[in-house]
Number of protein chains: 2
Amino acid sequence: MAALAPYAGQAHVVGLTGSPGVGKSTATSALVKVLRSEGKRVGVLAVDPSSPFSGGALLGDRVRMGDHALDEGVYIRSMASRGHLGGLAWTTPQALRVLDAAGFDVVLVETVGVGQSEVEVAGLADTTVVLLAPGMGDGIQAAKAGILEIGDVFVVNKADREGADQTRRELRSMIAQSSRGAEGRDGSWKPPIVSTEARAGTGFDQLATALAEHRAWLESSGELEQRRTRRARDEIEAIALTALRTRWGQLHGNHDLDALAASVASGESDPYAAADRLLGSLD
Amino acid sequence: MAALAPYAGQAHVVGLTGSPGVGKSTATSALVKVLRSEGKRVGVLAVDPSSPFSGGALLGDRVRMGDHALDEGVYIRSMASRGHLGGLAWTTPQALRVLDAAGFDVVLVETVGVGQSEVEVAGLADTTVVLLAPGMGDGIQAAKAGILEIGDVFVVNKADREGADQTRRELRSMIAQSSRGAEGRDGSWKPPIVSTEARAGTGFDQLATALAEHRAWLESSGELEQRRTRRARDEIEAIALTALRTRWGQLHGNHDLDALAASVASGESDPYAAADRLLGSLD
């Protein structure tokens, strides 16, 4: 990781998220095709919506994006987001760093918008793309509950379907009413809405343009540096915490975390006193 | 908190989660009514699906559950789940502990099943209730992606609506196919499905019975102690981490977290070396 550090920081990290059924995989594949036609090398990390309790991958690399299987300018990798804390936060940044240092121009991180992963991907990416599809009430519902604020670019996929106009209208009105609607005024970023048909491959030129525009804005506004510093902060903390957990697990006597947790659960101690003891063990 | 510790551990902590639109608030209110008729004192924590980026509460205490406004056996409190890490994990356990120590027999924690909160609530609760409604494809979709594994009791609300039978059938078949379907065999818990009509108030006697049965199973199986120890562990870690963050923010020179993050973002350092420095500052 130390050896990779000087080579990293060039790739444009793009997060793609959306509910199951919006056509995320097909859209990712169509976007890769456009980026390849521009001569860009593309890495794809498909972060799997495996349950935080069972682990395990639902999607296999082999069945995904067969169109690009023989293209040496494309690297595709599925990753399980095992574990609640430390899933995306722990493994994905490392994989991103490797692909970045390896010289990929764009790294796409695809996650299903269920659970905490959609928020985490926004933390990891330079640009977050939120995919919606017409006729899925949950798209707009989800948007209400937070998706709206993580999207830098919105895509209405399956734009040939009935209801696409309405989805676009609702989305436009929601953006306008939100804090983001006002962003355009002072030179900040107002999220555009792009219409695509992933199966036919239409609309992805516009999406690639929107991504490039957002990247340019990130650089000129200083936001890129801010986002990357924030990301590095989270990554350092996650690594430090993992190391501390190992230490805390190795403590002996009544100071190890399991013994402290048992004493809190039984009412003998309170969590603040227990945390003090845990921290005391570090000194 | 230390003074409260000996009094805590009696309340039955029940998490309620479900997508927007399944009728969660109405269902919570109807459940409170049944529990009150059994003479139980009930605390309700409505954890707000406020965005991790903006904060802020969508729901007000005053507009919620007016039926119970004058009942001294019911305490209702809305809490914003501000912040990504440390939202639910940080404030809700403290509120739970206070209500528990104050002698409430049941504490209901209501969260919208969007974002990471639904997984976190399962970590906090003794019993997790997942609400679905017919005609919401996202209910089943969400179930596929993890909800299935956090639910100890499933509720099909709006059971008078068209499609309720199908929702129940799909849910039953999904439970049977999952690892939980086999649980009944060896004395472990097989999640029941309860049908309710929150507006009419029907089905909530059965829900209250299912909750009491799950609580009894938790105690007899030893699972209650395990869950509470796990919960205490997470809580202690969260408190310790918050204290560490404060320390890390106060470090001077090139060792404070912001300076380390900037050096990683610029490629001068890597996150592992930075985490080592951060940890070195603790010794």
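Predicted model: local features only at pLDDT ≥ 70, side-chain atom pairs only at ≥ 80, totals over all residues.
The largest nonpolar core comprises 32 residues. Within this core, the residues with the most contacts are I236, L244 and W248 of chain A, together with I236, L244 and W248 of chain B. At least two core residues are supplied by each of α7 (223–250), α8 (257–265) and α9 in chain A, and by each of α7 (223–250), α8 (257–265) and α9 (271–280) in chain B.

Contacts between the chains are illustrated by I236(B). With neighbours within four places in sequence left aside, I236(B) is in contact with L257(A), L260(A), A261(A), V264(A), P271(A), A274(A), A275(A) and L278(A).

In helix α9 of chain A (residues 271–280), the buried residues are P271(A), A274(A), A275(A), L278(A) and L279(A). These residues lie on the same side of α9(A), because the arc they cover around the axis is only 135°. In general, an α-helix has 3.6 residues a turn, so residues three or four places apart point the same way. At the start of α9(A), the backbone nitrogen of Y272(A) has a side-chain oxygen of D270(A) within 3.1 Å.

T196(A) is located in the loop between β7 (193–195) and α6 (204–221) of chain A. Its relative accessible area is 0%, so T196(A) is buried. A polar contact of 2.9 Å joins the side chains of T196(A) and N157(A). Beyond neighbours within four places in sequence, the contacts of T196(A) are V155(A), V156(A), N157(A), K158(A), A159(A), T202(A), G203(A) and F204(A).

Note on methods. Residues numbered from 1 in each chain as written. Chains lettered and ligands numbered in written order. Heavy atoms only, no water. Buried < 20%, exposed > 50% of the residue type's maximum accessible area, 1.4 Å probe, protein only. Helix = DSSP H or I, 4+ residues; strand = E, 2+ residues; numbered from the N terminus. Arc of directions from axis to C-beta. Polar contact = N/O pair within 3.5 Å; in protein donor to acceptor, adjacent residues only side chain to side chain. Core = buried A, V, L, I, M, F, W, Y, C linked by side-chain atoms within 4.5 Å. Contact = heavy atoms within 4.5 Å.
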